[in-house]
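Dear colleague,

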Amino acid sequence: MNIRTVYCPICDKHMYVEPGVSTTHCPICKHHLNTHTMDTMEAIKRIDEHIHVHHIGEYPHIYLKEALDMAIISLAKQIPKQPVFWENKYYYSPTPNDDWGYECPCCGNQEIDYPDHHCTCGQALDWRDEL
């Protein structure tokens, strides 16, 4: 999901706009706006930069740092990753296909199957090269 932000240099404000809504002028001062679409990687980068620039994690920002770290982890899990193929050549199973499969690249869960789009940990899965 992309977060669309618009910035008005006259009002010096950032405003968030819902996807599909066309905003070309500031609703406050009617100044022409530049629009910018932020992807997940850029959001992670901006949060991380903000943590370091404002020394978040030091008193009194201890709980804010934890919350922002959780947000970074959640955003990172939205970026699809390819599942990892695993195979046990030395194990014979009476059940077909029980000696190989795919595991989550994030948590190692070996009980994911195509067409699962997400692991139970929340990691988005990309099956394009695995099939």
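The following paragraphs set out what was found. Please bear in mind that this is a predicted model.

I begin with a pair of helices. Helix H1 covers residues 40-53 and helix H2 covers residues 62-77; their axes come within 9 Å and cross at roughly 160°. Since angles over 145 degrees count as roughly antiparallel, H1 and H2 are therefore roughly antiparallel to each other. The crossing in which H1 passes H2 is left-handed. On the H1 side, the residues that meet H2 are Thr 40, Ala 43, Ile 44, Ile 47, Asp 48 and Ile 51. Their counterparts in H2 are Lys 65, Leu 68, Asp 69, Ile 72, Leu 75 and Ala 76.

I turn next to the aromatic residues. Searching the whole structure gives 5 aromatic pairs. In one of them, Phe 85 and Trp 100, the ring centres are 5.9 Å apart and the planes lie at 35°, so the pair is tilted. This pair links distant parts of the chain, with Phe 85 in strand S4 (residues 84-87) and Trp 100 in strand S5, 15 residues apart.

Finally, Asn 109 is placed in the segment after strand S5 (100-103). Its side chain is joined to that of Thr 120 by a polar contact of 3.4 Å. Leaving aside residues up to four places away in sequence, Asn 109 touches Tyr 102, Glu 103, Cys 104, Cys 119 and Thr 120.

With kind regards

Technical notes
Residues numbered from 1 in each chain as written. Predicted model: local features only at pLDDT ≥ 70, side-chain atom pairs only at ≥ 80, totals over all residues. Heavy atoms only, no water. Axes fitted to C-alpha atoms, helices over the stretch in contact; angles between N-to-C directions. Helix = DSSP H or I, 4+ residues; strand = E, 2+ residues; numbered from the N terminus. Parallel < 35°, antiparallel > 145°, perpendicular 65-115°, else oblique. Left-handed = near helix turned anticlockwise from the far one by under 90°. Contact = heavy atoms within 4.5 Å. Polar contact = N/O pair within 3.5 Å; in protein donor to acceptor, adjacent residues only side chain to side chain. Phe/Tyr/Trp six-rings, centres within 6.5 Å; stacked < 30°, edge-to-face > 60°.
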